[in-house]
Amino acid sequence: MVDSGELIVAARLLGVAHPPGFPLYVLLAHAATWLPLGNIAQRVNFASALFGALAVAAFALAVAQVPQVAPRRTATKKRTATAVDGGDGTNAMVSVVVASLLLAFSRTLWSYATLAEVYTLNALLIVLVIVLMLQWRRQTIEMRAPTNDRLLYSAAFVFGLGLGVHHVTVGLLLPALALLVASAAGWRFFASRRLLYATLCACAGLSVYVYLPIAAWREAGLNWGDPRTVERIWWHVTGRQYQAYFSFSPAELGAQVAAFALHALREFGPWWCPAGLALAAIGCVALLRSDRVLLAFLALIALCNVAYTLAYAISEDMDAYYLPTFMVMTIAAAAGVRRVLDWTAARWPQAGVTAAVAVLLIPAVALAGNFHFNDRSRYWIARDYVDNILRTVQPNGLLLTLDWEVGSPMLYARLIEQQRRDVTVIDINLLRRSSYVSFLRREYPELMQHTGDEVDAFLEDLTEWEQEPQRYQRDPILNRRIDTRFHDMILAFVREHLRRAPVYITQDIAVNRSAQDMWLTQALAATYQLVPQGLVFQLERDRTFHEPSEQPLMTRGLADGTLRFEPDDVVRIKIFPVYVSMLYNRGRYLSLFGYHARAAEAFTQALALDPSFAPAEDALAGSLNALRKAPSLNPH
């Protein structure tokens with residue numbers, strides 16, 4: 001769900017994905033689409049799993065650096081302390097294994113390793129930067145003099161590549177990296193040629209963004225943002241369209257803090273068993289005593305990451321933005337494991353094996369706690385959602401939606417699998433981007449030609465708005481004009497298409513209550529009858545009865561117990577309610593025209609999915625009551 005469909009399309013067709021474009025991910029995922037296994041989506045999903053596995057392997061190398069970087073402690077009056085990596089290395093090995101498994105079975109990394117997204121590749125590159133920098137620091141400290149900086153320059157190059165995947169979370173590493181460099185090479189480093197060379201290496205990795213204008217000129221797929229000029233490349237890379245999501249209101253920040261706490265509590269297993277977090281806390285105390293620079297390095301990564309994400313009010317993939325913090329927690333947990341094992345061995349030498357087994361149970365708890373949420377071997381949600389919609393859309397129909405959970409997988413179904421190419425699908429939210437209008441002209445030339453006057457009028461304002469959005473915010477006349485032209489264009493799509501084929505809208509349009517697009521709901525409801533057809537509404541010019549679709553809905557995984565979803569999962573928030581409410585809407589429509597027996601069946605199906613859905617309970621009682629009063633009038 002979410003961006004997966006659109007990212008697969010960009011990867012397969014070598015197009016431009018949504019900002020910042022993720023050029024490195026698109027290129028690597030494109031290579032995966034040529035693998036001789038499964039369909040295109042499965043191949044890109046496999047790439048995510050591969051990146052995730054490599055991230056865990058690289059993470060093991062990073063954790064192995066922690067004891068080596070830590071300085072040795074001197075003897076105390078009571079006992080002689082061993083080196084942090086002392087003994088036969090067993091405790092160090094156990095800490096690496098426990099931390100690596102803890103990351104592998106963590107909720108977030110594991111989740112994104114099962115779907116087409118950029119975050120496991122991003123995690124891999126972040127871990128590689130950390131590994132290379134810790135190795136460079138170790139060598140610099142041990143030599144006590146400037147050494148070969150190949151590791152440093154390699155880290156800079158990987159850092160630049162990382163900026164070509166998810167530049168925000170990678171770029172936020174800079175303060176921590178600067179601290180690490182200063183601690184090892186001194187602040188004079190930043191006035192030396194070494195900084196220049198590192199910057200050039202980072203720019204070499206960053207050059208992957210040259211892909212964007214090349215792909216834009218090809219106009220393959222969606223070509224999001226059309227970044228073929230310097231200005232548009234800058235807009236795209238900086239995520240200009242998403243800057244409105246930043247919020248610093250106390251209420252919003254409070255909600256974000258609560259969400260982060262929830263994510264952190266369940267990251268390494270059930271919330272009621274925060275053993276992973278406890279190990280991380282112990283590790284922080286241990287590092288405070290043994291290597292404060294390393295602790296400050298890790299803390300600064302987490303601080304910058306959390307501070308940024310708390311101010312960025314997104315919903316669907318917020319947990320992925322916290323991945324650097326979760327990885328830092330796991331590194332600290334490795335230090336915590338080592339501290340627990342060393343402490344146990346010092347006091348009860350015979351209990352060493354028992355302690356090792358006990359800490360190895362912690363990733364096992366994470367595996368057990370997160371397995372049911374991340375097992376997507378029977379995940380048909382997106383496939384069924386698209387198929388259920390398309391089965392009820394008649395040939396050559398037009399589908400309007402505000403729902404990205406419809407628009408994104410529909411892009412994949414139509415452009416990659418060539419499914420129902422006769423259907424016209426328009427995402428109204430994306431219409432606010434001139435690049436999407438260009439996409440529609442390539443995809444649906446007939447419709448766009450017949451509504452050319454309305455489209456051109458809107459584009460006149462849209463191109464100016466993209467250049468100077470503040471001007472439209474300041475001028476109410478301009479703001480009203482662009483809104484009016486936007487409305488006229490959409491209504492023209494409906495009128496024109498109804499001359500040849502049916503028009504459908506998703507539920508988010510039919511029952512929209514947001515101020516931004518409520519006008520569309522009101523305009524359509526005033527002019528057309530909304531007839532529930534499966535998971536969408538069909539627009540009819542008259543107010544007579546029209547037979548709803550009898551196509552059964554595929555609901556695999558929604559309520560049969562084969563899949564589990566957290567309350568904040570996109571399926572629970574956006575997908576599941578559509579199934580329940582559309583069955584309810586079908587029942588309401590049938591009961592309105594006196595078909596109470598069939599209405600009762602629809603209400604029963606809604607309650608089978610969600611027994612607590614009170615409107616369906618009340619409506620079912622009403623239909624059953626009507627049947628009891630006049631059974632002969634309800635033969636259906």
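Let's start with Glu-566. Glu-566 sits in the loop between strand 5 (536-540) and helix 27 (570-592). Keep in mind that this is a predicted model.

Is Glu-566 buried or exposed? Glu-566 has a relative accessible area of 17%. Buried means under 20%, so Glu-566 counts as buried.

What does Glu-566 touch, leaving aside its neighbours within four places in sequence? The list is Arg-107, Arg-266, Phe-373 and Arg-572. Take Arg-107 from that list. Its side chain makes a polar contact with the side chain of Glu-566, at 3.0 Å.

Now to salt bridges. Side chains of opposite charge can pair when their charged atoms come close. How many salt bridges does a search of the whole structure find? The search finds 26.

Look at Glu-443. The side chain of Glu-443 meets that of Arg-414 in a salt bridge, 3.4 Å from N to O. Glu-443 lies in helix 20 (residues 434-443), and Arg-414 lies in helix 19 (residues 404-415). They are 29 residues apart in sequence, so the pair ties those parts together. Arg-414 has a relative accessible area of 4%, so Arg-414 is buried.

Glu-443 also forms a salt bridge with Arg-421. Here the closest N and O atoms are 3.1 Å apart. This pair, too, links distant parts of the chain. Arg-421 is in the loop between helix 19 and strand 2 (424-427), and Glu-443 is in helix 20, 22 residues apart. Arg-421 is partly exposed, at 35% relative accessible area.

Next pair: Arg-500 and Glu-496. Their side chains meet in a salt bridge, 3.1 Å from N to O. Which side of the pair is buried? Glu-496 is, with 11% relative accessibility. Arg-500 is partly exposed, at 40%.

Some salt bridges share partners. They join Arg-107, Arg-266, Glu-566 and Asp-568 into one network.

On to the surface. Leu-37, Phe-46, Leu-50 and Leu-54 form a nonpolar patch there. Together they have about 330 Å² of accessible area. Take Leu-54. Leu-54 is in helix 3 (residues 40-69). Its relative accessibility is 41%, so Leu-54 counts as partly exposed.

Last, confidence. The protein averages a pLDDT of 91, and 94% of the residues score at least 70. Where is the pLDDT below 50? Look at residues 68-87. Beyond near neighbours in sequence, that stretch has 26 contacts in the model.

Conventions:
Residues numbered from 1 in each chain as written. Predicted model: local features only at pLDDT ≥ 70, side-chain atom pairs only at ≥ 80, totals over all residues. Heavy atoms only, no water. Helix = DSSP H or I, 4+ residues; strand = E, 2+ residues; numbered from the N terminus. Buried < 20%, exposed > 50% of the residue type's maximum accessible area, 1.4 Å probe, protein only. Polar contact = N/O pair within 3.5 Å; in protein donor to acceptor, adjacent residues only side chain to side chain. Contact = heavy atoms within 4.5 Å. Patch = residues over 30% accessible without salt bridge, like charges linked within 9 Å, V, L, I, M, F, W, Y side chains within 5 Å. Areas by Shrake-Rupley, 256 points an atom, 1.4 Å probe, with all protein chains shown as cover. Salt bridge = Lys/Arg side-chain N within 4 Å of Asp/Glu carboxyl O. pLDDT = per-residue confidence, 0-100.
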